[in-house]
Amino acid sequence: QKKQIPQKIAKATLQTSNSDLLEFDQVFKDSDSSIQAASASNELDNIFSTPATQTSEITQAIETKSSVKKRKNSYSLDLFLKSTFYTASPETGPGLGNVDSTSFHQDVRVSIGDKYILDDKSSISVAGWLEASNRKEVYNNINVPQNIQSSKRDYAYVNELFYTHSAKKYDLQVGKKILKLGKGIIYSPTDSVSAVDVTVPTSPVLLGNYVISLDYYLDDWTLTSIFLPLIVPNKAATQNSRWTTFFSDINYDLTEEFPEGVSAKSKQVLIKLEGTKYDTDWMFTFFNGPNPNPVLRTDITVTNNVPSFTLVQEFVPITFLSTGFSTIVKGFEVHGELLMQNADDGRDDSFIAQMLGFRYVMDSVPKVIGLDNIDIIIEHGKETMRKAMTAPFYNFSSIASRPYQHSIVGTFIFNISERTSLNYDFHFDLENNGNAQLFSYNYISRNLGTFRFKMETYQGERSSNFGLWDNNDNVTFEYSYSF
């Protein structure tokens with residue numbers, strides 16, 4: 001199967017399988033309700049987010065046994081409009097390729113979600129969307145049958161459709177669902193298993209994974225076993241899109257190679273133990289199977305003394321162990337993760353990834369200057385290489401899919417009232433000397449929906465995504481409405 005070459009060709013790719021800089025709304029729908037303020041801070045934003053990236057609350061609210069039993073049949077229908085005006089044209093010239101030069105992009109998405117209660121122990125949840133855009137090099141042709149392993153988007157997509165059976169000591173879930181595994185709010189090394197689409201980095205979407213999942217409850221602890229029978233690969237910006245990091249007038253194709261058979265190297269298995277001890281939430285995770293972040297190798301064949309070369313995107317086996325925590329220290333919610341990855345036969349990098357961050361809500365001081373509060377989230381991500389990829393004929397490791405090699409990311413939400421807020425969001429790439437910053441004004445109307453005006457800026461060295469996107473500064477208007 002032929003694919004457009006992904007951003008792995010360039011180190012500065014933002015193809016990720018982490019929660020990364022996805023919608024904060026999405027994350028907090030999985031969080032404890034005690035930290036969800038009934039204010040505009042529930043509409044958190046950052047430099048790569050849209051209100052429409054979130055899966056419906058219907059499917060997100062069933063992460064625990066109790067919520068499955070309490071929720072009633074419900075239905076959600078959401079409209080999202082996004083108008084983006086770029087302040088400059090993309091780079092042009094010999095050797096740079098045919099990059100989308102459109103100065104205005106319009107995106108439309110209708111998200112649908114529902115949860116059906118079958119009886120007091122069983123339910124079915126579903127979520128998905130219909131969307132359209134004038135962006136080039138983003139969507140599959142509408143007459144092409146949907147391919148769940150395609151490198152491009154489809155106009156219609158179902159990212160969650162799963163069955164839940166709840167008992168006193170366990171929950172069983174089967175189907176397709178979004179996985180939220182780690183403790184990070186913006187960046188979680190453990191969430192590298194979760195499939196994500198950053199074909200348009202400013203409008204990421206969570207794709208969902210095919211799972212057979214069993215949660216077994218042990219007093220204050222939960223033991224989760226997940227079998228992932230089918231790889232859902234991440235999606236990155238294609239070669240000639242506005243957000244490419246690979247400029248070339250050569251139209252590269254590659255062959256995607258997925259593991260075959262049933263073995264420890266061809267199927268993904270994840271085991272997680274999570275619970276509370278010493279007033280702290282803890283997480284311990286083991287993963288084994290193909291890495292959802294592929295590597296790139298070159299196959300060489302010789303016919304009549306003439307060599308030919310094939311680029312192959314390979315999902316190589318890895319194993320990782322991770323641990324994480326979340327606790328409250330003097331009003332600060334402090335969280336962190338540590339992950340150690342080992343790659344099979346030197347076909348990918350072996351490394352240690354770590355994240356440490358906090359969330360803090362300032363209440364009293366902001367009121368002096370007329371604000372309700374200031375919500376602050378800051379995280380630091382760092383990666384230490386243990387052993388770089390060494391296998392012959394392997395050209396690019398998954399490092400291009402790991403954008404938090406040394407980064408500081410965060411957001412300041414200035415809540416003026418329950419309906420009005422200002423955001424300052426940032427990602428400082430210290431490894432490659434680049435940064436992205438976002439400024440936004442947000443207003444929630446009781447009857448008309450949510451309005452958001454944003455300004456995004458990118459700058460840095462050419463080794464950073466943000467330096468390669470220095471012509472993508474833009475102003476954006478977003479509108480969302482829940483029917």
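**Close-up views of charged and aromatic contacts**

**View 1. Residues E274 and K183 meet in a salt bridge, with their closest N and O atoms 2.8 Å apart.** The term salt bridge is used here for a side-chain nitrogen of Lys or Arg that lies within 4 Å of a carboxyl oxygen of Asp or Glu. E274 belongs to strand β13 (residues 268-277) while K183 sits in the loop between β6 and β7, so this contact ties together parts that are 91 residues apart in sequence. Helices (H or I, at least four residues) and strands (E, at least two) are DSSP runs, numbered from the N terminus. E274 is partly exposed, with a relative accessible area of 24%, whereas K183 is buried, at 15%. For these words, buried means under 20% relative accessible area, exposed means over 50%, and partly exposed lies in between (1.4 Å probe, protein chains only). The structure is a predicted model, in which local features need pLDDT of at least 70 and side-chain atom pairs count only at pLDDT 80 or more, while totals for chains, interfaces and linings use all residues. Residues are numbered from 1 along each chain as its sequence is written, and side-chain values use heavy atoms, with hydrogens and water left out.

**View 2. The side chains of D191 and K180 form a salt bridge, with a distance of 3.3 Å from N to O.** Both residues are placed in the loop between β6 (170-177) and β7 (196-198), eleven residues apart, and the pair is described as linking distant parts of the chain. D191 counts as buried at 0% relative accessibility, whereas K180 is partly exposed, with a relative accessible area of 22%.

**View 3. E314 and R297 are joined by a salt bridge whose closest N and O atoms are 2.7 Å apart.** Because E314 lies in strand β16 (residues 306-314) and R297 in strand β15 (residues 295-303), the pair ties together parts that are 17 residues apart in sequence. E314 counts as buried at 6% relative accessibility, and R297 counts as buried at 11%. Salt bridges that share partners join E257, K265, R297, D299, E314, D344 and R347 into one network. The count for the model comes to 19 salt bridges.

View 4. Rings of Phe, Tyr and Trp (its six-membered ring) pair if their centres lie within 6.5 Å, and planes under 30 degrees apart count as stacked, over 60 as edge-to-face and the rest as tilted. Y458 and W469 form an edge-to-face pair, at 5.9 Å centre to centre and with 90° between the planes. Y458 is in strand β25 (residues 449-460) and W469 is in the loop between α5 (465-468) and β26 (474-482), eleven residues apart. Y458 is buried, with a relative accessible area of 3%, and W469 counts as buried at 2%.

**View 5. Y481 and F483 form an edge-to-face aromatic pair, 4.9 Å centre to centre and with 80° between the planes.** Y481 is partly exposed, with a relative accessible area of 25%, whereas F483 counts as exposed at 61%. Elsewhere, ring pairs link F412, F414, Y424, F426, F428 and F439 into a cluster.

**View 6. The charged end of R242 sits over the ring of Y86, 4.1 Å from its centre.** A charge sits over a ring if NZ of Lys or CZ of Arg is within 6 Å of the ring centre and within 35 degrees of the ring normal. The charged end of K277 likewise sits over the ring of Y278, 5.5 Å from its centre.
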